[in-house]
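Work through these exercises with the model open beside you. Try each task before you read its solution.

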Amino acid sequence: MDLHAFFNNEVKPALGCTEPGAVAFAASSGAKYLAGPPKHIHLRLSANIYKNGQSVGIPGTPGLKGNLLAAALGALGGDPEKGLLSLEDINDDCISKAADMLNAGSLTQEVVHDTPNVYVEVEMLRQGESVTAVVAHSHDNLVEVIHNKRIVFQGQENEGGSGRLPSYLSELARLNFADLWELAGTIDKDDETFLLKGAEMNLHVATEGLERPWGLGSGYITSEQMNQDDLAWVIRAWSAAAADVRMDGGPWPVMSSAGSGNHGLTAIIPPALAARFWKCSDRELAEALALSHLVTGAVKAKTGRLTPVCGCSIAAGAGAAAALTRLAKGTPAQAEQASSYVLSSVLGMICDGAKSTCALKVGTAAGEAYMGMLLATNGSKFTSQQGIIGTNFKNNALAVGELSGVGFAAVDAVILRLLDSQSSSS
């Protein structure tokens with residue numbers, strides 16, 4: 001398996017929630033073909049992009065939220081060359097103009113069906129001009145840009161562009177857990193440096209959330225009340241604090257995993273903190289982080305990019321449990337067992353969109369990852385199939401994928417209806 005391709009595509013910095021980030025990237029990519037700022041912007045979004053971007057904070061803005069504002073900000077001041085960091089340099093004038101567009105009713109959106117679960121189409125109009133930009137399949141994959149009915153950009157055909165899994169993910173999905181464990185030990189020096197940088201980024205965001213309350217302040221409040229020598233609670237508090245900041249629009253990028261910043265927080269922060277507590281070497285931490293991302297990616301390869309179940313919990317939580325077990329000098333079999341414990345615990349956690357309370361889910365998943373490691377390394381193990389979860393990681397990933405894609409097929413439609421009814425009544 002090509003580890004470099006995996007890390008380059010599945011583990012990357014992202015500013016804010018990746019769904020409005022994708023919207024901003026698409027808008028900025030199209031707006032550069034206009035002679036001036038658009039007068040009207042219309043979004044056509046897949047259900048999961050709509051759901052996850054509806055209520056989440058936009059980085060660097062005073063409490064602004066949602067896909068509509070992300071589109072306006074991207075069109076008015078985004079940098080398409082920065083991908084999911086396109087809003088990194090927006091200024092107050094851009095923020096004011098975006099808010100004006102929203103208040104004037106110049107920003108509209110609709111949910112479209114029969115599209116990839118990652119799909120963003122941004123249509124922008126100004127006098128005598130129109131431009132449409134499309135992002136699909138992954139959050140930073142620009143498919144095409146059409147200016148005045150003429151294609152001005154056509155994305156190169158890539159492995160994920162047809163909806164098929166890229167080759168590195170297809171191969172990852174076929175590997176046994178022992179293969180993932182061994183693969184994590186083969187990272188080179190460049191991979192090691194990159195993975196450690198991701199840990200540094202995400203721990204920094206966590207420290208910001210511990211210095212003052214962001215969003216719900218769930219990590220901040222937990223930290224204030226806990227024993228600072230209790231690693232289980234430290235992991236929970238720090239992970240939640242980082243998500244508090246991210247969901248509230250904090251201006252710092254995080255290292256994502258499998259297309260999600262919150263996945264990245266869950267996959268990275270628990271092993272990074274454990275390595276500090278246990279005085280592990282940089283190499284040991286880097287290998288654990290590699291395992292965490294690989295396990296996360298393997299589960300997501302079965303469930304899909306955006307799902308009705310909470311991927312931070314079932315995918316990144318399982319990855320963090322495996323990483324913690326590796327750092328605790330556990331065996332591959334114990335790490336596989338630890339991931340099973342997490343899946344058994346949080347399997348039914350739904351995704352009802354990105355918002356402040358996601359910090360509670362990230363904290364829960366991180367805490368369960370630590371508990372899974374404790375159980376697995378202290379001799380506890382499944383002696384039989386436990387519901388749909390057993391001891392075999394590949395079988396578990398298949399079961400989770402089917403539950404998410406088939407069993408929960410109607411959940412997103414119900415969530416969208418409830419979100420619309422709640423917003424219309426508020």
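**Exercise 1. How much space lies in the largest cavity?**

Solution. The model is predicted, so local features need pLDDT of at least 70 and side-chain atom pairs pLDDT 80 or more, while totals for chains, interfaces and linings use all residues. Residues are numbered from 1 along each chain as its sequence is written, and side-chain values use heavy atoms, without hydrogens and water.

Step 1. Take the terms. On a 1 Å grid over the protein atoms alone, a cavity is a set of points where a 1.4 Å probe fits but cannot get out. A pocket is an open set with protein on both sides within 12 Å along at least five of seven lines. Lining residues have an atom within 4 Å of a point. A volume is the space filled by probe spheres set on the points, which are joined across faces, edges and corners.

Step 2. Read the volume. The largest cavity holds about 270 Å³ of space.

Step 3. The lining has 28 residues, and Asn52, Ser260, His263, Cys312 and Cys351 lie nearest the centre. Elements that give two or more residues include α2 (18-31), α11 (261-278) and α13 (311-327). Helices (H or I) are DSSP runs of at least four residues, and strands (E) of at least two, numbered from the N terminus.

**Exercise 2. Which residues line the second largest cavity?**

Solution. Step 1. Its volume is about 70 Å³.

Step 1. Leu15, Gly16, Cys17, Pro20, Gly21, Gly57, Ile58, Pro59, Leu84, Ser86 and Leu87 form the lining.

Step 2. Sort them by class. Seven are nonpolar, four polar and none charged. (Nonpolar covers Ala, Val, Leu, Ile, Met, Phe, Trp, Tyr, Cys and Pro; charged covers Asp, Glu, Lys and Arg; the others, Gly among them, are polar.)

**Exercise 3. Which element supplies the largest share of the lining of the second largest pocket?**

Solution. Step 1. This pocket has about 310 Å³ of space.

Step 1. Of its 21 lining residues, Ala47, Asn48, Asn117, Ala409 and Asp412 are closest to the centre.

Step 2. At least two residues each come from α3 (47-53), α16 (393-407) and α17 (411-425). The largest share, three residues, is from α17.

**Exercise 4. How many aromatic pairs are there?**

Solution. Step 1. Rings of Phe, Tyr and Trp (its six-membered ring) pair if their centres lie within 6.5 Å; planes under 30 degrees apart are stacked, over 60 edge-to-face, the rest tilted. The count is five.

Step 1. Take Phe6 and Tyr168. Their centres are 6.3 Å apart and their planes at 75°, an edge-to-face pair. Phe6 is in helix α1 (residues 3-10) and Tyr168 in helix α6 (residues 167-174), so the pair ties together parts 162 residues apart in sequence.

Step 2. Take Trp214 and Trp252. With centres 5.6 Å apart and planes at 70°, this pair is also edge-to-face. Trp214 is buried at 10% relative accessibility, whereas Trp252 is partly exposed at 24%. (Buried is under 20% relative accessible area, exposed over 50%, partly exposed in between, with a 1.4 Å probe and protein chains only.)

**Exercise 5. How many disulfides does the structure hold?**

Solution. Step 1. A disulfide is a pair of cysteine sulfur atoms within 2.5 Å. The structure holds zero.

Step 1. Check Cys351. The nearest cysteine sulfur, that of Cys310, is 6.4 Å away. Cys351 is buried, at 14% relative accessible area.
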